[in-house]
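Subject: Structure handover

Hi,

Here is the structure I promised to pass on to you. Please open it alongside this message, and then read on for what turned up.

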Amino acid sequence: MHEIRARRLGEHTNKNNDKDATTTTTTTDSTTTNSTRRTQSERKVGGMSKKLLIIIMTSCAVGLVLLKWATKPSSSSPSSPSGGYCYSADKSVDISSWSDRNIPKDAIGAKYITPTKLEELRKSDKIPTLESGVPKIIHQTWPNWKIEESSPEYKQWSSSWGACHPDWLHVLWDDCDIRKLFQIHLPEFLEVFDNYPNPVQRADIFRCLVGKVYGGAYVDMDYECTGGIDGPTGLNPPASSQCKVFVVSSPDPEHDGVLQNAFMASVPQHPYWDEVFKLAVERRTTLNGRIFGEIPIHNTGPGLVSDAYLRLPEGDVKAAV
């Protein structure tokens, strides 16, 4: 504004006399000098801003690299037998003595078996199944197979499921086998799985895939069983019932969503799980989905299974959940 005004004043005074022109020239020179000073100052500020921006961007990049490195699955996991799961079918852990209720030592539910053993039974069509179609399988997770070193409470709670269901298979999934489940049965999702920054997110999404692939019941390790779940009011409703997927309702719907994922059971390959994984991908790859950020409750936990259910159209699939 000052430079433009000065030029205009100069044009006017040149038409009158040299004295006024000289005065106007002085004004113009002074304004130009001020403008030059401002430009130099702006350059300094701009340079400092660019340096600060570079420092911030570099720090973020380093932070992301460290986060990815810290959450990368361990390369020290045991090798997979014959390209399958991480442990042989012969591996097991006797849990019959962990419960204060009697579990016959020869009962199916008296020991943890490996996913490799479960896969063998599935391929040979030897998995026991309820009339509802829900396989008699209890799925639980632990970071590794050193669960015998865990607290007495966890061992008591976990073994309570075998005490209540001695004729059910009890499968223990560790971190290595959980990743193998995705690698074998849903390889297109593996990149999403590996890039979850929080281990609880991988544990959350695992329970959805194990329900889709094998069916049965997934149960959190801190849940204790006090009675059978295989009766007509549980996972084995009358034949007239459409129920094929069983998810407990949330104690805090406003915070978690309408459903909870600590206990879930289903028949294998139910289309509800397809909707769950469709939404899980959406919440990792789209702008709308990323609004949820890295909050496990929304992108892998109760919020995910709740919203997937709510998105189902009215009909047979939704009625079965």
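**The disulfide**

The torsion about the S-S bond of Cys86 and Cys176 is about -80°, so this disulfide is left-handed. Please keep in mind that everything here comes from a predicted model. The two sulfurs of Cys86 and Cys176 are 1.9 Å apart, and theirs is the one disulfide that the structure holds. It links distant parts of the chain, 90 residues apart: Cys86 sits in the loop between α2 (18–71) and β1 (92–94), while Cys176 belongs to helix α5 (residues 175–185). Both Cys86 and Cys176 are buried.

As for Cys243, a relative accessibility of 27% makes it partly exposed.

**The overall picture**

The protein has 321 residues, of which 43% count as buried. You will find 13 helices and seven strands in it. Among contacts with a separation of 6 or more, 71% are between residues 24 or more positions apart.

**Salt bridges**

Side chains of opposite charge can pair when their charged atoms come close. How many salt bridges are there by the rule used here? The count comes to 13, and a few of them are worth a look.

Start with Arg283 and Asp307, whose side chains meet at 2.6 Å, N to O. This pair also links distant parts of the chain, with Arg283 in helix α9 (residues 271–285) and Asp307 in helix α12 (residues 302–311), 24 residues apart. Arg283 is buried at a relative accessible area of 6%, whereas Asp307, at 24%, is partly exposed. Salt bridges with shared partners also join Glu275, Lys278, Glu282 and Arg311 into one network.

Next come Asp167 and Lys136, which form a salt bridge of 3.0 Å, N to O. Asp167 is in the loop between α4 and β4 (169–173) and Lys136 in the loop between α3 (115–123) and β3 (137–141), so their pairing ties together parts that are 31 residues apart in sequence. Here Asp167 is partly exposed, with 34% relative accessible area, and Lys136 is buried, with 16% relative accessibility.

Asp100 and Arg101 make a salt bridge too, at 4.0 Å, N to O. Asp100 is exposed at 63% relative accessibility; Arg101 is partly exposed at 29%.

Lys155 is found in helix α4 (residues 152–164). Leaving aside residues up to four places away in sequence, Lys155 touches Trp98, Ile147, Glu148 and Ser150.

**Helix α7**

Helix α7 (residues 199–213) has 15 residues and reaches 21 Å from its first C-alpha to its last, close to the 21 Å expected at 1.5 Å a residue. Most of α7 is covered, with twelve of its 15 residues buried. The buried residues include the charged side chains Arg202, Asp204, Arg207 and Lys212, and also Ile205, Phe206, Leu209 and Val210. Just after α7, Gly215 takes a positive phi of about 70°.

**A serine in a loop**

Is Ser132 buried or exposed? With 6% relative accessibility, Ser132 counts as buried. Ser132 lies in the loop between α3 and β3, and a polar atom of its side chain is 2.7 Å from the backbone oxygen of Leu235. Beyond residues up to four places away in sequence, Ser132 touches Leu235, Asn236, Pro237, Lys244 and Val267.

Happy to go through any of this with you.

Best wishes

How values were computed:
Residues numbered from 1 in each chain as written. Predicted model: local features only at pLDDT ≥ 70, side-chain atom pairs only at ≥ 80, totals over all residues. Heavy atoms only, no water. Helix = DSSP H or I, 4+ residues; strand = E, 2+ residues; numbered from the N terminus. Contact = heavy atoms within 4.5 Å. Buried < 20%, exposed > 50% of the residue type's maximum accessible area, 1.4 Å probe, protein only. Expected span 1.5 Å × (residues − 1). Disulfide = S-S within 2.5 Å. Polar contact = N/O pair within 3.5 Å; in protein donor to acceptor, adjacent residues only side chain to side chain.
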